[in-house]
Amino acid sequence: MAARWPYGHQVTETANARKIAFATFVRRALDEARATRAWSGTEVSRRTGVSRQTINRWVRGDWASDPEAERVVAFCEGLGLAPATAFAALGWDRRSSPHRVGTPPPMDPDVEALLRRLVDPDVSDAEKFHIRETVRYLAYRPTLPVVAPTQRKQVG
């Protein structure tokens, strides 16, 4: 029995087909990260917390037992992908999946507006590029230390 998934591959019950489907998912996710974010394999590994060796094994379909759900989730979340898509490629039943996805927190209205601009066909590619670059800068810059009011220098 085969099911149709968004990435265009067929998922069957055989272990080999599952490996191929998951490898295809990972390969496409890496290609997307390289194309849209200019991330190297090392950068993907750093941002997802999944080692390059593990990612390379996934791409090759070189695993004897299923990947750990936590690593799959970390990989997906680090790339901004829905873990359910990876779970589907692995043939995991969402109802019995080891990872429970809770209700996401409400999104800031300004972030929603940026997301709408990124998918709006009337917005130029140049503007979309600048939006993405600004968001990346803000998302990954070092966190500034919080200074308590009592530690601030008093002007006297």
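Visitor: Among contacts in the protein chain between residues at least 6 apart in sequence, what percentage join residues at least 24 apart?
Guide: This is a predicted model. Its protein chain has 156 residues, of which 29% count as buried. Among contacts between residues at least 6 apart in sequence, the share that joins residues at least 24 apart is 49%.

Visitor: In what order do the elements of the protein chain run from the N terminus?
Guide: The secondary structure comes to seven helices and two strands. Read from the N terminus on, the order is β-β-α-α-α-α-α-α-α.

Visitor: Where does pLDDT stay under 50 with six contacts beyond four places in sequence?
Guide: The protein chain averages a pLDDT of 80, and 78% of the residues score at least 70. Over residues 1–13 the pLDDT is below 50, and that stretch has 30 contacts beyond near neighbours in sequence. Where pLDDT is low, the predicted coordinates should not be read in detail. The stretch with six such contacts and pLDDT under 50 is residues 96–101.

Visitor: Which residues does Val-72 touch, not counting residues up to four places away in sequence?
Guide: Val-72 is among the residues with the most contacts inside the largest nonpolar core. In soluble globular proteins, nonpolar side chains tend to be buried together. Leaving out residues up to four places away in sequence, Val-72 touches Phe-22, Trp-58, Pro-67, Ala-86, Phe-87, Leu-90 and Trp-92.

Visitor: Are helix 3 and helix 4 roughly parallel or roughly perpendicular?
Guide: Two packed helices are described by the angle between their axes and the distance between the axes. The axes of helix 3 and helix 4 come within 12 Å and cross at roughly 95°. Because angles of 65 to 115 degrees fall in one class, helix 3 counts against helix 4 as roughly perpendicular.

Visitor: How do the residues of the contact of helix 3 with helix 4 divide into nonpolar, polar and charged?
Guide: Helix 3 brings Thr-54, Ile-55 and Trp-58 to the contact, where they meet Arg-71, Val-72 and Phe-75 of helix 4. By class, the residues of this contact are four nonpolar, one polar and one charged.

Visitor: Which residues of helix 5 are buried?
Guide: Helix 5 is mostly covered, with six of its eight residues buried. Just after helix 5, Gly-91 takes a positive phi of about 80°. The buried residues of helix 5 are Pro-83, Ala-86, Phe-87, Ala-88, Ala-89 and Leu-90.

Visitor: What covers the buried residues of helix 2?
Guide: In helix 2 (residues 41–48), the buried residues are Gly-41, Glu-43, Val-44, Ser-45 and Thr-48. Gly-49 follows helix 2 and has a positive phi, near 80°. The cover over the buried residues includes helix 1, helix 3 and helix 4.

Visitor: Is Ala-38 buried or exposed?
Guide: Ala-38 lies in the loop between helix 1 and helix 2. Its phi is near 60°, a positive value in a residue other than glycine. The cut-off for exposed is over 50% relative accessible area. Ala-38 has 67% relative accessibility, so it counts as exposed.

Visitor: What separates the C-alpha atoms of Ser-40 and Leu-30?
Guide: Ser-40 is in the loop between helix 1 and helix 2. At 39% relative accessibility, Ser-40 counts as partly exposed. Ser-40 and Leu-30 are ten residues apart along the chain, and their C-alpha atoms are separated by 8.6 Å.

Visitor: What separates the C-alpha atoms of Asn-16 and Gly-61?
Guide: Asn-16 has its place in helix 1. With a relative accessible area of 52%, Asn-16 is exposed. Asn-16 and Gly-61 are 45 residues apart along the chain, and the separation of their C-alpha atoms is 8.2 Å.

Visitor: Which residues does Arg-136 touch, not counting residues up to four places away in sequence?
Guide: Arg-136 is in helix 7 (residues 125–140). Its relative accessibility is 17%, so Arg-136 counts as buried. Not counting residues up to four places away in sequence, Arg-136 touches Thr-36 and Arg-37.

Notes: Residues numbered from 1 in each chain as written. Heavy atoms only, no water. Core = buried A, V, L, I, M, F, W, Y, C linked by side-chain atoms within 4.5 Å. Buried < 20%, exposed > 50% of the residue type's maximum accessible area, 1.4 Å probe, protein only. Contact = heavy atoms within 4.5 Å. Axes fitted to C-alpha atoms, helices over the stretch in contact; angles between N-to-C directions. Helix = DSSP H or I, 4+ residues; strand = E, 2+ residues; numbered from the N terminus. Parallel < 35°, antiparallel > 145°, perpendicular 65-115°, else oblique. Nonpolar A, V, L, I, M, F, W, Y, C, P; charged D, E, K, R; others polar. pLDDT = per-residue confidence, 0-100.
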